[in-house]
Structure formats: structure tokens, C-alpha cells
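Please keep the structure open while reading.

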Amino acid sequence: MKRNLGPVNALYPSLTTIVGAIVDGKPNFLAIAHVGIMNHGQPQYLSFGISKSHYSNRGIVEHGEFSVCLPGEDMVVETDYVGLVSGKNTDKSKVFDLFQGELAHAPLIQGCPVCMECRLKQVVDFNTHDVFIGEIVATHAEETVLHQNGKIDISRVRPLLFDMASVKYWSLGAEVAPCWNVGKQLKTTRRGKNLAE
Ligand SMILES: Cc1cc2nc3c(=O)[nH]c(=O)nc-3n(C[C@H](O)[C@H](O)[C@H](O)COP(=O)(O)O)c2cc1C
């Protein structure tokens with residue numbers, strides 16, 4: 001039997017990211033765990049909501065550029081830190097070693113195995129949050145987290161998953177089954193039979 005919990009957002013765990021922007025001439029970073037994949041195809045868009053009370057928003061809007069990096073489990077302390085303190089009263093520009101990509105205002109974090117540079121496409125004005133939609137311009141990944149075919153091996157990234165109910169970071173579990181594949185077996189059963197047949 002299921003209990004109705006009311007309007008609880010149950011879309012966890014989510015991926016913990018670090019969003020970077022240039023604010024007041026300095027790199028600033030914050031933890032963001034509410035990131036959406038807007039589409040699959042070219043160009044690629046992602047989205048996330050940042051509370052209007054945060055410091056980062058102004059820099060993203062001013063320069064129209066930002067970074068989204070994926071910290072590994074080994075970066076949990078730094079990730080949590082940039083999610084605890086605000087650039088309003090703390091200089092977070094020295095927390096990470098940085099590298100330069102294609103965009104001038106998308107500070108990229110050396111220690112993160114995967115980093116994306118994004119160009120701001122749109123800001124959706126919610127009551128409490130600015131929802132930023134960005135186009136991914138370039139993605140940088142450590143050779144050590146890549147498969148031989150050049151695709152990212154998520155098991156080697158060891159991403160930090162965030163869960164709101166426990167307010168804890170979790171790690172990735174084991175692979176379950178091949179996608180767009182394992183479901184094929186249902187096609188030949190009564191449950192999966194094509195109604196048109
Ligand atoms: C794991 C984690 C996830 C977070 N996700 C979000 C988020 O999705 N949106 C948001 O507005 N704040 C989020 N925060 C809070 C901000 O990271 C935090 O308030 C930060 O200090 C704001 O920094 P800034 O004021 O320098 O921009 C998160 C914090 C943590 C620790």
C-alpha cells in the first residue's frame with residue numbers, strides 16, 4: 001500500500017554539479033544538484049534553477065557564459081563547501097585549480113573529471129529562482145574517465161549523487177541492464193504485444 005506524501009519532489013538522487021561563473025571579475029562557484037537535460041541532439045541544452053538570493057546569478061547574466069563541472073567522490077568536501085558559503089561574503093575563487101577552455105567567462109575546474117562550458121540561452125523568471133538554460137559549447141573530460149571509443153565512462157567519473165530526503169551524498173551503484181535493448185524481450189509476450197497487430 002502506498003502513502004500519499006503530498007507534493008513531494010521524488011526525483012532524487014540527482015547529479016551534483018559545480019556551476020562556475022565570473023562575478024565581480026572573479027571566478028565564483030556553487031553546488032547545483034537540480035540540473036535538467038533539456039534535449040538530446042545538436043545543439044545540446046541543459047538547465048538548472050538558482051535561487052534569486054544567490055551571488056552567482058548576476059555573473060551568469062552579465063557574461064552570458066558559465067561552466068558546469070562534475071565533481072568525483074574525492075571532491076565531496078570542496079563541493080559541499082561551495083554549496084554552503086556564498087560569494088557575497090566569501091571569496092571562493094581560490095578553492096579550485098582552474099583551466100581555460102573556449103569561453104572567457106566559464107571557469108573550469110581541474111580537479112573535476114568532466115567539465116562543460118555553456119553559453120546562456122534563456123533565463124526563466126520563477127518566483128524564487130532564476131532558471132538558466134544554457135547551450136553546451138564544449139565538454140572536457142579526463143582521459144582516465146574515457147572508454148576507448150572516447151565516450152565518458154560514468155563508473156570512472158564516480159559522480160556525487162544528491163538525495164534531498166536523507167540530505168546526503170550517495171555514490172553510483174552497479175550497472176543493471178543495457179538500455180534500448182533489455183525491453184525488447186517483452187515484445188514477444190502478451191503484455192508487450194503491439195495493439196495494432
Ligand atoms: C549538494 C548541494 C546542491 C545544491 N543545489 C542547489 C540548486 O540546485 N539550486 C540552488 O539555488 N542552490 C543550490 N544549492 C545551494 C547553493 O550551492 C549555495 O547556497 C551556495 O552557497 C550559493 O553560492 P553563491 O551565493 O556564491 O552563488 C546546493 C547546495 C548543495 C550543498
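This is a predicted model: local features need pLDDT of at least 70, side-chain atom pairs count only at pLDDT 80 or more; totals for chains, interfaces and linings use all residues.

The ligand is surrounded by 22 residues. Ser56 is among the closest to the ligand, and Ser56 is also one of the buried residues of helix H1.

**Ligand site**
- The closest residues are Ala31, Ser56, Val85, Ser86 and Gly87.
- The side chain of Ser56 places an N or O atom 2.6 Å from a ligand oxygen atom.
- Ser86 has a side-chain N or O atom 2.6 Å from an oxygen atom of the ligand.
- His54 has a polar side-chain atom 3.2 Å from an oxygen atom of the ligand.
- On its own, the ligand exposes 640 Å². The protein buries 87% of that area.

**Helix H1**
- H1 spans residues 56–63, with Ser56, Asn57, Gly59 and Ile60 buried.
- These four sit on the same side of H1, because they cover an arc of only 170 degrees around the axis.
- The buried residues of H1 pack against strands E2, E3, E5, E6, E9 and E10.

**Strand E5**
- E5 covers residues 45–51 and is one of the strands that the buried residues of H1 pack against.
- Six of the seven residues of E5 are buried, so E5 is largely enclosed by the rest of the structure.
- E4 (residues 35–37) runs antiparallel to E5, joined by three bridges.
- Ile37 has Leu46 in E5 as its bridge partner.
- E5 and E10 are also antiparallel, with seven bridges between them.
- Phe48 stands opposite Phe132 in E10.

Terms used:
Residues are numbered from 1 along each chain as its sequence is written. Side-chain values use heavy atoms; hydrogens and water are left out. Buried means under 20% relative accessible area, exposed over 50%, partly exposed in between (1.4 Å probe, protein chains only). Helices (H or I, at least four residues) and strands (E, at least two) are DSSP runs, numbered from the N terminus. The arc is that of the directions from the helix axis to the C-beta atoms. Contact means heavy atoms within 4.5 Å. A residue is near a molecule or strand if one of its heavy atoms lies within 4 Å of it. A polar contact is a pair of N or O atoms within 3.5 Å; within protein, one must be able to donate a hydrogen and the other to accept it, and residues adjacent in sequence count only if both atoms are side-chain atoms. Accessible areas come from the Shrake-Rupley method with a 1.4 Å probe; for residues, only the protein chains shown count as cover. Two strands pair if DSSP finds at least two bridges between them.
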